[in-house]
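Hi there,

Here is the structure we talked about handing over. Please have a look, and my notes follow below it.

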Amino acid sequence: MRKSLLVLSGACALILPVTGCSKQVNYLDYVSERRSEIYVYADDDTSVKIYCSEKEQPYKADGIKGDVCPVTEVFVTLPKNPQELDISLEGQGGEMNYRAVENCFYLSFTAEAFNKKSVDVTLTLDGESKTYTALSVKYDGVMSCDEAVLCVAENKRELFESMTSNGLFDGEIYVRLLYDEGCYYYVGIINKAEHISAFLIDGEHGKIVASKEIDG
């Protein structure tokens, strides 16, 4: 990990805990979605995208953190849609469902994050199988989901403090790894009125590059 990231991580960690009415608040306890890994394969004909996350169930941006469970989501696009598409990866799989709006096939299942550099994916199209290797989008120097949350909390201290009272944080937090020619994080702060303060941050340096307020 690069020296600059180590320095940044240490600075962000200084705000974890934050004092409110003589009680310490760990904002990471209020994370109700944490997308920590993305794997991608793409060629001229086929693309495979895999998201590894932890999500609350039921999933709702209502400012209240529910019970969280691990989930893996897979999206596949093909040049020609088969009548039947099955997928197998890391001992999991099954028949994929077609999503007409996104023009892709989709499957989700309960599984812990893979925590590896690549994942072999076998697609079976109408009985014919082919294996692809999807690679992690992470590279050296990319911070973790937790570090991303702490960096936003440091940069938007007033927002976090305004939602903190009597040692409790009055909301929930979403953090999602994103990839677009580089790694980024989406961090969403949701209050009980379902208002979202959304931030896009650089995945290496924790700098906020965009923000938006979204009413529920």
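**Notes on the model**

L107 is buried, with a relative accessible area of 11%; buried means under 20% relative accessible area, exposed over 50%, and partly exposed in between, with a 1.4 Å probe and protein chains only. Before going on, a word on the source: this is a predicted model, in which local features need pLDDT of at least 70 and side-chain atom pairs count only at pLDDT 80 or more, while totals for chains, interfaces and linings use all residues. Residues are numbered from 1 along each chain as its sequence is written, and side-chain values use heavy atoms, with hydrogens and water left out.

Back to L107, which sits in strand β9 (residues 104-109). Helices (H or I, at least four residues) and strands (E, at least two) are DSSP runs, numbered from the N terminus. Which residues does L107 contact, leaving aside its neighbours within four places in sequence? They are T72, E73, V74, I87, G93, G94, E95 and M96, where contact means heavy atoms within 4.5 Å. L107 and V76 are 31 residues apart in sequence, and their C-alpha atoms are 9.0 Å apart in space.

**The whole protein**

The protein has three helices and 17 strands. Of its 216 residues, 44% are buried. Among contacts with a separation of 6 or more, 56% are between residues 24 or more positions apart. The accessible surface comes to about 11500 Å², and carbon and sulfur atoms hold 47% of that; the areas come from the Shrake-Rupley method with a 1.4 Å probe, and for residues only the protein chains shown count as cover.

**Helix α2 and the cysteines**

Helix α2 (residues 145-155) is largely enclosed by the rest of the structure, because eight of its eleven residues are buried. Those eight are C145, E147, A148, V149, L150, C151, V152 and A153. C145 has 5% relative accessibility and so counts as buried. C183 is buried too, with a relative accessible area of 3%. How many disulfides are there? The count is zero, taking a disulfide as a pair of cysteine sulfur atoms within 2.5 Å.

**Backbone details**

Q57 and P58 are joined by a cis peptide bond, with omega about 0°. P58 is in the loop between β4 (47-57) and β5 (67-77).

Two residues other than glycine have a positive phi: E90, at about 50°, and E194, near 65°. E90 belongs to the loop between β6 (85-89) and β7 (92-95), and with 38% relative accessibility it counts as partly exposed. E194 is in the loop between β15 (183-190) and β16 (196-202), and at 28% relative accessibility E194 is also partly exposed.

**The largest pocket**

If you want a place to look for open space, the largest pocket holds about 170 Å³. On a 1 Å grid over the protein atoms alone, a pocket is an open set of points where a 1.4 Å probe fits, with protein on both sides within 12 Å along at least five of seven lines, and lining residues have an atom within 4 Å of a point. Its lining consists of E37, Y39, N115, K116, K117, S136, K138, Y139, D140, G141 and V142. By class, that makes three nonpolar, three polar and five charged residues, with Asp, Glu, Lys and Arg as charged, Ala, Val, Leu, Ile, Met, Phe, Trp, Tyr, Cys and Pro as nonpolar, and the others, Gly among them, as polar.

Best wishes

How values were computed:
Grid points are joined across faces, edges and corners, and a volume is the space filled by probe spheres set on the points.
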